[in-house]
Each structure stands twice: as C-alpha cells, then as structure tokens.
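Work through the exercises below with the model open. Try each task before reading its solution.

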Amino acid sequence: MKEPQLKITQRMLPHWEYDGSTYFITFNTWERLELSPAARQIVLDACLFLNTQRYDLFALVVMPDHAHMLIRPLPKTEEAYWSLSSIMHSIKSYSAKQIPKVMPHIGTIWQPERYDRIVHNDRAFTAIWNYLCQNPVKAKLATSPENYPFLWQES
C-alpha cells in the first residue's frame, strides 16, 4: 500500500479523508422524515451488507430520522481505499429504493450530504461509541441500548 493521503472535498460541508482512518458518520433523512421500524431495518441491513467488504463497521444505530456509524474503510486496491462518498452512495441509494416498499413515502429519503469526522484516538473512539449506543436511550426509544432493535455493535 502506498503512503496514506489526505483528501479534502467540499460541497456544502467539508469532508476530510485520510487513508486508513476510522470515521464517525451521521446521515439524516430529508426534512426530518420519520422512518418506520421496517424502514429502519432496511437501513440497518444496508449498512451491515457491505461490512467487511468495503469497510469495517464497529457500531451503528438507526434512529427515526438519522443514523450514526463508526467505520473504517478498507483498501479497494493496492493504491486506494473505498471512499466515504462511494460507501454512503451505496447505502443511501439502496435504502432509498427499498424504503418506499415498506412505508408510504414518495420523493427524497436522504439529505444529500453527511456529517463525518475522523476519529483521532482511542479516547475519542470510546466516547463516540458510547454516544452512539446511548442515542436511543437519550431519545427515550429504549430503556437500554440492548433493548433497541436498530443498534448494532461489533462483538
């Protein structure tokens, strides 16, 4: 593998990618569309589908109007890693086609961008993991992380 590279892009939000890094990603529904439980399951399954193929997924929670992921993209070739934009395109595109099959919605499902942040150290990783797992509890969707069906953690 070649020397890691920093790539900086921007649409409305800045996106920094550094080869081999771990990221905390948040993506939101369009105009705070509330996903049904069946739709949340579709998003969860879409995120899990590419785990170990395009990225290592450490934790994931799908809330009614957003999702959080803690991931590390894997090498795509000897020269490059899977980009966050290609990973997110796959997840959002697939789930956007499937969600209207399980809930009444016509139109846009996802906001066009995502919030992403490089996780710089173990302390930040642990803090993000805890935040992600406690998200459904703080939102009063479950009494404990284990009771929320749209939370996945690497075991």
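**Exercise 1: the pocket**

Helix α2 gives the largest share of the lining of the largest pocket, 5 residues. The model is predicted: local features need pLDDT of at least 70, side-chain atom pairs count only at pLDDT 80 or more, and totals for chains, interfaces and linings use all residues. Numbering starts from 1 along each chain as its sequence is written, and side-chain values use heavy atoms, with hydrogens and water left out.

Task: describe the lining of the largest pocket.

Step 1. A pocket is an open set of points on a 1 Å grid over the protein atoms alone, where a 1.4 Å probe fits, with protein on both sides within 12 Å along at least five of seven lines; lining residues have an atom within 4 Å of a point.

Step 2. List the lining. It has 13 residues; Arg11, Ser85, Met88, Pro112 and Arg114 lie nearest the pocket centre. β2 (14-18) and α2 are the elements that give two or more residues.

Step 3. Sort by type. The lining divides into 2 nonpolar, 6 polar and 5 charged residues. Here Asp, Glu, Lys and Arg count as charged, Ala, Val, Leu, Ile, Met, Phe, Trp, Tyr, Cys and Pro as nonpolar, and the others, Gly among them, as polar.

**Exercise 2: the helix pair**

Task: find how α1 and α2 pack.

Step 1. Take the geometry. Helix α1 (residues 37-49) and helix α2 (residues 84-98) pack at about 150°, with axes 9 Å apart. Angles run from 0 to 180 degrees between N-to-C directions, and axes are lines fitted to C-alpha atoms over the stretch in contact. Helices are DSSP runs (H or I, at least four residues), as are strands (E, at least two), numbered from the N terminus.

Step 2. Find the contact (heavy atoms within 4.5 Å). Ile42, Val43, Ala46 and Cys47 of α1 meet Ile91, Tyr94, Ser95 and Gln98 of α2. These residues divide into 6 nonpolar, 2 polar and no charged.
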